[in-house]
Amino acid sequence: MKTLIFALKKISGAIVTIFAIVIANFVIFRVSPGDPIRMMFRDPRVSAEALQRMRVKFGLDKSMWGQFVDYFKQLMHGNLGFSFWQKRPVLDVIGDRIVQTLILVVTALVIATILGIILGAISGWKSGSKTDRTILSVSLVLYSVPTFAMGILLLLVFGYVLLIFPLGGISSPASGFTGFLYAKDVLWHMVLPAFSIVLWYVGEYILLTRSSMVEVMDQDYIVTARAKGLRESVIMRKHALRNALLPVVTLSGVNFAFAIAGVIEAETVFSWPGIGRLTYDAVMKRDYPLLQGIFLIFAVSVVLANLLVDLIYSRIDPRIKTGAAHD
Amino acid sequence: MTNAEKTAEIVNRKKKREIRKQKTRDFLYLLMNHRMGKVGVVIIVLFLFIAFAAPLLRTVNPHQTGKVAHILIPPNGRFWFGTDDLGRDVWSQVIFGSRVSLLIGFISAFATVFTGALIGIFAGFYGGYIEELLMRIVDFFMMLPALPLMIVLAAVLGPSIWNIIFVVSLISWPTTARVVRSQVLSLKERPFVEASRCIGATNSFLMFREILPNVIPILFAEAVIMITEAIYAEAVLSFLGLGDPIRISWGSMLHFAFASGTMARAPWWVLPPILSIVILIIGFSFLGTAVSDILKPGYKETKGL
Amino acid sequence: MKNEKKLFFRVLILMVILLFSTSALFAGGKKEGAAAPVQAKKAVSNARFNVGFTSEEAISTLIPDESWQYVEMGCIFWPLVYDQLWIMGPAPDYKPIPMLASSWETKDHQTWIFHLRKNAVFHDGVPVTAEDVAFTLKYLPKSDPAWEFPDTDCKSIKVIDKYTIQFTLADKHGGDYPPVYWTPILPKHVWEPYKDDMHSFDNSQAIGSGPFKLKEFKSGQYIWLERNDSYWGNKPNVGTVVLKTYGNSEAEYMALKKGEIDMIGYNSIDPLALKEFKGVKGVDVRIDPGITIDWLSFNLHKKNAITDVNVRKAIMYGIDTKRLISVAFLGYADPADSFMYKELPDHDPNLPQYTYNVDKAKSILAASGYKDTDGDGIVNDPKTGKDVVFELLGPSDWSIEVKMITLIKEQMKDIGIGIKPKIVDLDTFYDFWYAPDKDEFDIAIGNEEPGPHADWIWEFARSWNNGGEGWNCAYYNNATFDNYLDDMTVQSDMQKRKADLFKMQEILSKDLPYGFLVRYKSINPIRVDQFTGYTSTMGGVSTWINPWSYFNVKPVQ
């Protein structure tokens with residue numbers, strides 16, 4: 001029963017948050033400078049009548065409240081607006097890009113999680129040792145390098161100087177590849193952008209796994225296991241790591257949503273045709289409806305990911321239900 | 001108030017000040033004996049020096065365009081870091097760029113911590129509906145994906161460093177507010193607050209004279225993190241072309257280098273700003289790690305204080 | 001300790017193996033990928049001609065809106081896939097050449113009859129008829145103002161027979177060229193259902209009747225075209241054209257050096273990049289006269305010193321065009337003094353020249369009362385006593401113009417005029433630039449590509465209050481100018497037309513609503529180890545007036 005109430009509370013909280021995001025999203029883009037309809041036309045000769053026609057078509061002739069009601073109604077129907085730049089529904093524009101971003105983010109996060117857990121576990125297992133200090137400071141350094149800066153460095157070294165990897169894009173243009181060849185082509189293009197994301201997140205995962213590991217090391221069952229004379233590697237794998245992994249795995253859940261948002265930098269540097277690069281292009285073209293749509297999707301996915309994590313956590317760790325572990 | 005009471009009050013204050021001074025000294029001692037803290041402090045001091053002494057360290061006016069023969073030339077005796085596509089000196093630009101990064105870092109950290117602390121204290125101290133409402137707002141802001149929101153706001157508000165400061169502060173204050181609130185929740189139950197309340201101290205006295213001094217260490221730790229984030233944010237936004245195109249910053253240097261299509265031929269134009277950003281962020285995150293280590297209960301004792 | 005090391009090494013080895021095995025896999029894939037186009041090039045008729053664009057220049061949909069006119073890839077894409085009634089020929093004489101229309105006739109320059117070819121078919125096999133032309137003329141200009149020109153503005157359209165069309169323009173159309181310039185002919189049978197809102201059709205098949213047809217379009221990545229073997233005219237010498245998108249110009253340049261592309265699709269390369277192409281094996285660099293003209297728009301709507309023609313003259317004398325050219329363009333530009341290119345016969349050779357002269361600029365200012373009364377190095381307006389400081393507007397996307405703004409700011413300081421650069425994004429720039437009455441700038445740096453057939457460019461100077469609102473970005477008003485302009489557009493006597501144009505140029509130089517600065521030279525690296533037959537016009541080997549390279553290139557034997 002308690003679980004149900006907790007879940008309902010969380011879900012209603014998420015709904016309120018999403019509603020607030022929708023309002024904020026609407027307001028932010030009404031204060032933007034420039035006339036959105038004028039921005040649709042670069043051609044200066046558009047007649048006043050044509051502009052008025054477009055205004056009516058997009059409902060911009062209505063009052064602020066009328067526009068908000070329209071916007072909300074459209075959202076309920078899954079309509080995110082109409083892109084100025086591409087002259088088609090925002091949802092179609094985003095839909096074209098979402099798969100590419102998912103491929104990149106999932107690959108990068110899986111690699112980062114695995115690497116981070118391995119290195120973090122080693123580091124935490126022998127906390128205070130030289131290896132630990134090295135891993136720790138390397139991960140702090142990696143965590144300090146902005147993804148776009150790492151991207152530029154990787155691009156300079158492996159793209160321009162060593163000529164190993166392609167300079168951008170998701171596949172060789174108009175190659176006609178299908179199936180396995182195409183997959184290989186895509187993977188080949190993905191190496192640099194994925195690694196510029198991996199190198200950032202791996203720092204975070206190392207730090208987290210390490211601290212979690214250090215905590216676990218003091219627990220009674222490890223001491224007991226040691227006292228039993230089990231091999232160190234067995235204790236590490238079977239006892240310590242397994243328990244230390246819990247917070248890390250949950251983090252990947254939240255991170256996944258945040259990483260989609262953070263992928264903007266890597267996609268921009270490597271012209272990866274995903275949502276991140278789309279955001280950059282939308283900024284460059286000042287395509288406000290598109291930006292608005294992208295932002296809504298980012299924000300809602302973060303809220304939902306958080307909700308999911310809250311719900312999962314509450315099953316794992318009963319203290320959360322009472323709010324004791326909230327802060 | 002009798003004279004004796006007054007004297008006691010003054011002595012009491014002096015004592016408090018002494019204790020605070022001693023605490024600060026201890027803190028600095030611990031910091032300088034912390035491996036990462038030391039490195040962080042050295043880096044930050046170095047960059048602060050560069051920023052303040054920029055007019056002395058620069059070799060030429062960073063805005064001054066050069067002769068045709070000086071366009072995009074590699075580092076040499078005259079242009080230590082080479083020149084950019086208008087023949088401007090990269091060294092002098094990097095030197096002056098430190099000012100923008102540090103300025104944005106410090107001002108946004110101050111704004112963030114100030115707002116966060118205020119709201120955190122109010123929420124924690126008053127509790128009830130005020131707390132509920134403020135914490136809902138905090139939760140809302142924490143839910144928003146930071147970078148996309150910053151990009152959207154910077155695009156809508158237009159390019160200027162004040163907008164960047166505003167955007168960064170707007171997005172970062174909730175973290176501080178949350179941390180401060182949870183501190184205040186435990187502080188307000190402490191005996192010294194209770195004692196003050198009993199002798200009739202006003203709410204504002206309790207909040208700002210009794211509780212605030214005790215959250216300052218936490219605020220300091222928060223401020224260090226916020227500076228890191230603000231520097232990062234400025235770099236990213238400027239790199240994406242949302243910074244002030246007239247003002248020289250590391251991010252905008254990278255933006256122009258990236259947009260000019262000369263990155264591979266002129267690495268001297270790209271590497272100095274990148275390394276500066278990275279080193280400065282490393283400095284602050286080392287300092288941040290050190291500070292949070294030091295603030296951990298029990299750390300002091302391990303160092304024999 | 002031992003265990004820890006072991007684990008560490010195990011992980012390390014695992015990582016290395018993973019990395020290498022995957023790299024080997026990828027490397028294999030890459031070789032095959034690179035081999036494919038080379039093999040294709042061996043078979044002459046199926047050669048693949050690759051052309052690069054940056055992502056800012058790429059179109060994101062195939063909808064025939066203004067992006068076909070204002071976005072670089074759009075300007076190249078549609079003339080390859082769609083036919084036009086006639087086309088402007090290549091350099092040096094730029095004569096009109098029959099395309100879909102084999103001939104045309106007019107008596108009064110208002111009613112025109114075009115005779116179409118009988119063997120033209122759309123890519124889906126349906127013949128092209130007068131109905132399609134009528135349909136296009138009727139609905140395309142309505143769907144998007146970008147296609148609404150005086151020479152497509154018809155009072156009435158009449159289909160005489162299947163291959164003959166007659167239309168009456170709203171106004172006479174003078175000059176050497178027939179009307180309906182640079183307009184794609186769309187298939188009626190495809191577009192009929194969408195005629196009232198052409199933007200509602202995604203045009204994903206892009207059925208046209210041009211020399212190339214669409215094979216695949218990937219938004220933000222590439223357009224893949226194939227030769228149309230049932231084209232009525234000369235068929236292209238290459239089997240495939242791929243218009244590829246690169247994230248930035250640097251990646252694009254690298255692709256050309258590596259041989260991934262054979263030509264840059266639009267816009268000259270940055271002069272700074274020229275050095276890196278010199279001596280690259282298989283690459284030749286062509287330098288052609290430019291098509292782009294840069295000028296300053298002075299906002300005469302403002303209530304400040306910029307409305308004083310003497311201040312504008314001083315500014316023009318104070319700008320060191322030679323330095324602009326040598327620093328911003330590394331020498332690859334020419335000074336400009338009109339919308340008209342100097343080599344064309346309609347260019348007035350006797351225009352007043354504002355040759356760089358700081359003393360003259362200063363004395364003009366002083367004679368008009370602008371003196372530095374407060375000793376801060378900036379002259380003061382005699383009327384208000386305030387410092388003369390102007391906002392100079394430019395778009396952040398145009399790196400060379402941003403450079404020029406930086407340089408002009410330095411130079412204006414020398415004559416005592418303050419400049420505040422105002423750099424905004426491109427859309428905001430156009431929004432401000434075309435609306436001087438919003439008072440968002442004092443001076444703006446802008447450019448256009450008039451081309452040799454450019455009656456439209458003079459609309460930039462048509463009086464604001466006399467229908468000029470829209471293109472007039474100086475809030476300029478001059479009834480005399482309008483008279484010459486009106487006469488010029490309908491004039492079919494070429495001598496009188498020329499006289500009109502001379503007068504118009506003279507008026508603009510004296511009134512200075514616009515201060516002409518420079519004309520870009522076009523620098524184009526091309527791969528000559530794979531292809532020959534690149535065709536140059538003004539603006540280079542590939543522009544909106546030059547699809548010829550795509551028609552003419554052929555593989556090297």
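Domain bounds here come from an automatic or database domain assignment. I kept that in mind from the start, and I noted that this is a predicted model.

**Entry 1: chain A, domains**

I looked up how chain A divides. Domain 1 of chain A covers 1-84 + 286-327, and domain 2 of chain A covers 97-285. I then checked the spacing. The centres of the two domains of chain A, taken over C-alpha atoms, are 30 Å apart. Next came the contact between them. I found 15 residues of domain 1 of chain A in contact with 15 residues of domain 2 of chain A. What is the side of domain 1 of chain A that touches domain 2 of chain A made of? I listed 11 nonpolar, two polar and two charged residues there.

**Entry 2: chain C, overall**

I turned to chain C. I recorded 15 helices and 21 strands in its secondary structure. Its radius of gyration is 27 Å, close to the 24 Å that the globule rule gives for 557 residues, so I wrote chain C down as being as compact as a globular protein of that length. Along its principal axes, the C-alpha trace of chain C spans about 90 × 80 × 40 Å.

I also looked at burial. Of the 557 residues in chain C, 51% are buried. Then I took the contacts in chain C between residues at least 6 apart in sequence. Of these contacts, 67% join residues at least 24 apart.

**Entry 3: chain C, domains**

Where do the domains of chain C lie? I noted 24-287 + 522-555 for domain 1 of chain C and 293-520 for domain 2 of chain C. Their centres, over C-alpha atoms, are separated by 33 Å. The contact takes in 21 residues of domain 1 of chain C and 17 residues of domain 2 of chain C.

**Entry 4: where chains A and C touch**

Last, I looked up the contact between the chains. Chain A brings 42 residues to this contact, and chain C brings 45. I asked which helices of chain A each supply at least two residues of the side that touches chain C. They are helix 2 (36-40), helix 5 (90-125), helix 8 (179-217), helix 10 (232-262) and helix 12 (275-284). Helix 8 of chain A gives the most, with five residues. I closed with the classes. The side of chain A that touches chain C has 19 nonpolar, nine polar and 14 charged residues.

Technical notes:
Residues are numbered from 1 along each chain as its sequence is written. Chains are lettered from A and ligands numbered from 1 in the order in which they are written. This is a predicted model: local features need pLDDT of at least 70, side-chain atom pairs count only at pLDDT 80 or more; totals for chains, interfaces and linings use all residues. Two residues are in contact if their C-beta atoms, placed from the backbone, lie within 7 Å. Helices (H or I, at least four residues) and strands (E, at least two) are DSSP runs, numbered from the N terminus. Ala, Val, Leu, Ile, Met, Phe, Trp, Tyr, Cys and Pro count as nonpolar, Asp, Glu, Lys and Arg as charged, and the others, Gly among them, as polar. The radius of gyration is taken over C-alpha atoms; the globule rule is 2.2 Å times the number of residues to the power 0.38. A residue is buried if 20 or more other C-beta atoms lie within 10 Å of its own, exposed if 12 or fewer, and partly exposed in between; C-beta atoms are placed from the backbone.
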